[in-house]
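Q: I am new to this structure and would like to learn how to read it. Could you walk me through a few features?

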Amino acid sequence: MTEKELRKKAMALPLNPGVYIMKNKDKKIIYIGKAKALKNRVSSYFGSHSNHSLKVIRMVGNVDDFDYILCDTEFEALVLECSLIKQHMPKYNILLKDDKGYNYIKVTKGEFPRIKECYRMDDENAEYIGPFISNFSVKKAVEETLRIYKLPDCNKKFPRDYGKSRPCLNGFMGLCSSPCSGRISKEEYQQNVKDAVAFLKGGSAKAVKDMTEKMQQYSEELEFEKAAKLRDRIKAIKNLEEKQKVVSINVPEEDVFALVNSNKKACFDVIRFKNGRLTDSEHWLIDSVDNLPEARFELIERYYSMRDNIPSRIAVDGEIEEEELLREYLESKRGKRVEFIHPQKGEHLAIVNMCIKNANEHLAQQQGRLGKEMAALEELGKLLGLPKPPEYIESYDISHTFGADNVAGMVVFHNGRPMKKAYKRFSIKGFDGQNDVGSMNEVLTRRFKHYYEDDEDSTFKILPDLILLDGGEPQVNAVLPVIRAMELDVPVFGMVKDSKHRTRAIAFDGGEITINSHRAVFTLVSTIQEEVHRFAITYHHKKHRKSSFSSSLTKIEGIGEKKAKALLKEFKTISKIKEASVQELSSVKGINEKDAEKIREFYSNL
């Protein structure tokens with residue numbers, strides 16, 4: 001069907017709740033959605049695309065037909081939508097891959113057993129503890145156990161490597177008993193493994209109780225060295241428990257969700273608490289989302305369609321579209337009350353911020369950059385009131401010498417780092433003399449003409465998430481009319497310096513935002529401002545030198561600006577022009593033999 005035919009079909013739908021099913025020309029389901037009023041929702045896809053995201057436009061471009069199922073209520077439509085999405089996994093729905101399998105703790109056999117995490121029981125000669133659903137808890141349990149009982153986690157093989165090398169850093173720090181250096185006997189090593197397995201099976205409380213009794217026994221028998229080892233082990237367990245309190249909350253159970261968005265990817269992060277302690281952590285990298293509240297609804301609903309245990313309290317890092325409907329759905333699954341909270345202070349806010357930090361780090365690793373850069377962009381976006389972190393930032397600066405040789409530099413920072421292939425230089429053409437505000441207006445006008453007119457492979461076709469101008473409110477006010485006239489939605493701010501030429505604040509249309517107290521933002525903006533200034537002034541110096549050279553050429557009879565530029569383009573420097581023969585000079589387009597002789601005569605007499 002054509003889009004016109006699809007819209008006609010959509011306009012004939014009833015205003016009832018229901019589920020709509022989009023199909024491509026091969027009759028394959030590519031999107032499933034729910035609606036409070038089917039006619040309004042489905043017809044909105046076909047017609048004007050001015051309010052649609054690129055993802056929706058692509059989806060609609062692949063729709064050849066659609067089906068629908070009427071429901072009595074929106075809640076019933078949500079339940080049906082969840083079931084159908086889980087069944088068909090449509091391409092354009094936000095999907096979470098459920099790769100959650102069973103996890104085990106493996107204890108190998110032999111003279112020097114090893115304790116490690118694994119996904120399968122594939123060794124008949126090993127002992128396994130489990131299964132566990134949470135990979136996070138298994139990994140943490142193994143790490144903690146190896147640390148407490150000072151067991152190796154390296155790739156060395158024992159007894160082959162027993163006593164054959166110096167201890168590694170963990171051995172020097174007292175975190176490993178260093179069988180590689182022969183510091184521990186085979187019998188003592190085996191006893192440590194046996195104690196570690198008992199700790200894993202029985203838990204810390206039982207282990208501490210048993211060790212305390214043994215420690216007292218050793219003390220009474222005057223075996224103080226053995227007693228001291230148990231004392232250190234008990235202390236290690238208690239220190240571990242103290243660290244765990246840092247990531248604990250005063251509620252029996254709670255799940256915490258965060259969604260961090262960027263231009264290309266987003267990260268959905270979940271941390272789970274049970275009995276007040278962190279028990280699990282998961283994350284998914286998905287395509288960038290256009291509507292955060294809507295995406296939170298879909299992601300949380302998808303998450304609990306894969307997980308049976310729904311807690312009584314769910315903390316979220318932002319607004320959820322149709323929160324009451326989602327709460328009703330989760331309560332129907334749980335059979336008990338569910339509460340959404342949006343923390344503003346206290347321990348719950350700290351936990352949400354930890355979840356956001358985790359998501360930032362996962363997203364940073366996926367995009368190959370440091371988490372601190374992602375955090376700086378996130379903080380800058382929030383400080384400026386942007387809908388998402390500004391991944392693609394353009395910055396502009398004007399440079400001249402008392403109004404002569406006016407130029408502008410444009411630098412680009414992508415993901416918090418310079419993207420030098422997108423840097424651009426502009427020579428101001430509209431006027432002579434000192435006018436930074438007018439220059440900025442001209443430069444941005446020319447830049448966005450390129451946006452509309454250039455080929456698709458031009459970096460000018462990338463619309464920035466943020467523009468930072470070197471200057472204050474006057475520069476911002478000079479550029480805003482350009483943005484509005486071209487019907488673009490690009491935020492524009494200025495970078496204000498203090499009397500010592502250090503970044504002081506960010507200017508906008510109506511005031512300034514001080515950034516000194518925001519360390520990450522201050523560092524990022526200062527770096528951008530220094531880079532754009534360096535780039536602009538380097539171009540200005542280059543042009544100024546050429547201008548000086550050009551002015552000496554124009555003193556020669558018959559050589560005007562056009563011929564001077566042609567000579568400089570060919571020979572690059574005045575020195576090479578001085579050394580050129582009449583024949584070489586006259587070979588330049590626009591330079592005749594008479595001009596060449598005049599040039600030779602002029603420089604010969606200097």
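A: Gladly! Let us begin with pairing: two strands count as a pair if DSSP finds at least two bridges between them. Keep in mind that this is a predicted model.

Q: How many bridges join strand S4 to S6?

A: In general, strands of a sheet pair through backbone hydrogen bonds, either parallel or antiparallel. Here, strand S4 (residues 103-107) is joined to S6 by four bridges, and the two run antiparallel.

Q: What is the order of the strands in the open sheet?

A: The three strands of this open sheet are ordered S5-S4-S6, with antiparallel pairing. Strands S5 (115-118) and S6 (127-132) each have a single partner strand, so they stand at the edges, and one side of each has no neighbour in the sheet. On average, neighbouring strands are turned by 20 degrees against each other, direction ignored.

Q: Which helices pack on the sheet?

A: Helix H5 (residues 135-148) does, touching S4, S5 and S6. The direction of H5 makes about 170 degrees with that of S5. Helix H7 (residues 186-202) also packs on the sheet and touches S4, S5 and S6; the direction of H7 makes about 20 degrees with that of S6.

Q: Is Met173 buried or exposed?

A: Met173 has 52%, so it is exposed. You will find Met173 in the loop between helix H6 (169-172) and H7. Together with Leu169 and Phe172, Met173 makes a nonpolar surface patch of about 370 Å².

Note on methods: Residues numbered from 1 in each chain as written. Predicted model: local features only at pLDDT ≥ 70, side-chain atom pairs only at ≥ 80, totals over all residues. Heavy atoms only, no water. Axes fitted to C-alpha atoms, helices over the stretch in contact; angles between N-to-C directions. Contact = heavy atoms within 4.5 Å. Patch = residues over 30% accessible without salt bridge, like charges linked within 9 Å, V, L, I, M, F, W, Y side chains within 5 Å. Areas by Shrake-Rupley, 256 points an atom, 1.4 Å probe, with all protein chains shown as cover. Salt bridge = Lys/Arg side-chain N within 4 Å of Asp/Glu carboxyl O. Buried < 20%, exposed > 50% of the residue type's maximum accessible area, 1.4 Å probe, protein only.
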